[in-house]
Protein chains: 2
Amino acid sequence: MPNRRAVFFISDRTGITAEALGNSLLTQFDGIDFKRTTIPFVDSPEAADRALAQIADAATTDGRRPIVISSIVDEALSLRVRQSNALVLDFFQIFIAPLEQEFGFKSSHAAGRSHGLRNSQEYFSRIEAINFTLAHDDGQSTKELHRAEVILVGVSRCGKTPTSLYLGLQCGIRCANFPLTPDDFGRGALPDSLLPYREKLFGLTIAPDRLRAIRQERRPDSQYASAEQCKSEVAAAERLMEAAAVPMLNTSTKSIEELATTILLQRRLDRHIF
Amino acid sequence: MPNRRAVFFISDRTGITAEALGNSLLTQFDGIDFKRTTIPFVDSPEAADRALAQIADAATTDGRRPIVISSIVDEALSLRVRQSNALVLDFFQIFIAPLEQEFGFKSSHAAGRSHGLRNSQEYFSRIEAINFTLAHDDGQSTKELHRAEVILVGVSRCGKTPTSLYLGLQCGIRCANFPLTPDDFGRGALPDSLLPYREKLFGLTIAPDRLRAIRQERRPDSQYASAEQCKSEVAAAERLMEAAAVPMLNTSTKSIEELATTILLQRRLDRHIF
């Protein structure tokens, strides 16, 4: 395994930030087969020693030292992890000093504040956004649409549901979504229930070939998944959205994160959870 | 505003990693009113200059230099941002050099790989996990339960749905969830449809007071939200799960991220998406 390398994401809490940071860096190195392991909740000397043992094992197996991306607030524990036989990059240790100097006081060095439960209000508003998004998925309900911060529209399977869920769960945004269907294309107009909320609408569109591949997974060899149907639905939906001046994003080459970020930016919405 | 400080998360892509890293650091500094702004898609000199203008404005308004947490792969653009009147912490610039030295070759310096659309297979498996989770929310379906990687059980409103969605959307895990109801408590047994999958079950429980507050938001002053009902349901659910040796987590003081991380760890599941 000449190009294999073990990578450990180690944290005193969930490890989600260490994973995000580490994966972002690793994507820059092609040709290495990274074997990723997250070790969360390293908040005691015993847990640190167990992590060190895993790191040492990987070093022995691979014949080369692992990479450790760590985020440990406690200095003694961080030091213990940094003594492992690995390249250890601890972002907390590197970044906290310049911030302490800038602010003129010492940080609290309290673990578990990120991705932890900070306060009930934030929890409730996040849960409320998730519930709103679920209740308004796929045009299920038009009740309380005035409370939506954004309403996604587009043909079936163009990416509305995952994008809505991401906005609800990760950003705390109340996001409804509505399918545009052959019915609407026949009438040549957006669904009536959406008309009062035109300024909240955001359109998703998709390359017909990609829509076909996605629908094919869902209902193989159906009329719904046919090349012709996908092509005509996409064209009709785009005409409808253009006529109604609904801003539009093509989901074919964008990740859910890129779609959500672009929608927040264009709609000038701030995430409600951090 | 003596304790106000502007913070910018700047990235050539979504900014999600910069936000996670930055927020993780900022939670360590109490008593400062951070005003957060994310500027994503800074991938041209013009976009960098617009970001610099925003930073300069904030410095003037606040009378002190902002904090910039940045993640920009392009060296010239990163340099431009680092020349702003701010404390700039660019994690990409800081961490890529030791990794290049370790691996013995230069990184690709290609923007947009993190939180971007890497390949169709990853996209499909993520969408499939989301669809599975939605189709199996709240015991809606027992079809294809054998394909679940984990099945959450617990009383209504104890946190099953948000945790399931997080596991589906953020980890690509096929997670079903089933409510434990007074029916099950009367019979003194888990729902029959779950019995074949006992090794996939994971229980969520909750402090009765917290359950009451959550149900009260949903159905104010109902029997369902009464202190007595919440207390007896939680006790009965815990007895049922203990008798069936289902591992159990208390959601009262844990974030969705902490719950998901603990479930992955205890069930020895790896996230399917990075």
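Modeller: Two strands pair if DSSP finds at least two bridges between them, and helices (H or I, at least four residues) and strands (E, at least two) are DSSP runs numbered from the N terminus. This is a predicted model, in which local features need pLDDT of at least 70, side-chain atom pairs count only at pLDDT 80 or more, and totals for chains, interfaces and linings use all residues. Residues are numbered from 1 along each chain as its sequence is written, while chains are lettered from A and ligands numbered from 1 in the order in which they are written.

Biologist: In β4(B), which residue is the bridge partner of B:V68?

Modeller: Strand β3 (residues 67-71) of chain B and β4(B) run parallel and are joined by four bridges. B:V68 has as its partner in β4(B) the residue B:V88.

Biologist: What is the average twist from one strand to the next in the sheet β6-β5-β7-β8 of chain B?

Modeller: This open sheet also has four strands in parallel pairing. Its edge strands, β6 (175-179) and β8 (248-250) of chain B, each pair on one side only. From one strand to the next, the twist averages 25 degrees.

Biologist: What angle does the direction of helix α6 of chain B make with that of β6(B)?

Modeller: Three bridges join β5 (residues 150-154) to β7 (residues 201-205) in chain B, with B:F202 as the β7(B) partner of B:L152. Helix α6 (residues 160-171) of chain B packs on this sheet and touches β5, β6 and β7. Axes are lines fitted to C-alpha atoms, for helices over the stretch in contact, and angles run from 0 to 180 degrees between N-to-C directions. For α6 and β6 of chain B, the angle is about 170 degrees.

Biologist: Which residues of α10(A) meet α6(A)?

Modeller: Contact here requires C-beta atoms, placed from the backbone, within 7 Å. From α6(A) come A:P162, A:T163, A:Y166, A:L167 and A:C171. They meet the α10(A) residues A:I256, A:L259, A:A260 and A:L264.

Biologist: How far apart are the C-alpha centres of the two domains of chain A?

Modeller: The bounds come from an automatic or database domain assignment, which divides chain A into domain 1 (4-103) and domain 2 (120-266). The distance between their C-alpha centres is 39 Å.

Biologist: Which element gives the most residues to the side of chain A that touches chain B?

Modeller: In this interface, 53 residues of chain A are in contact with 53 residues of chain B. Elements giving two or more residues on the chain A side include α1 (16-26), α4 (91-103) and α5 (120-135). With eight residues, the element that gives the most is α4(A).

Note on methods: Two residues are in contact if their C-beta atoms, placed from the backbone, lie within 7 Å.
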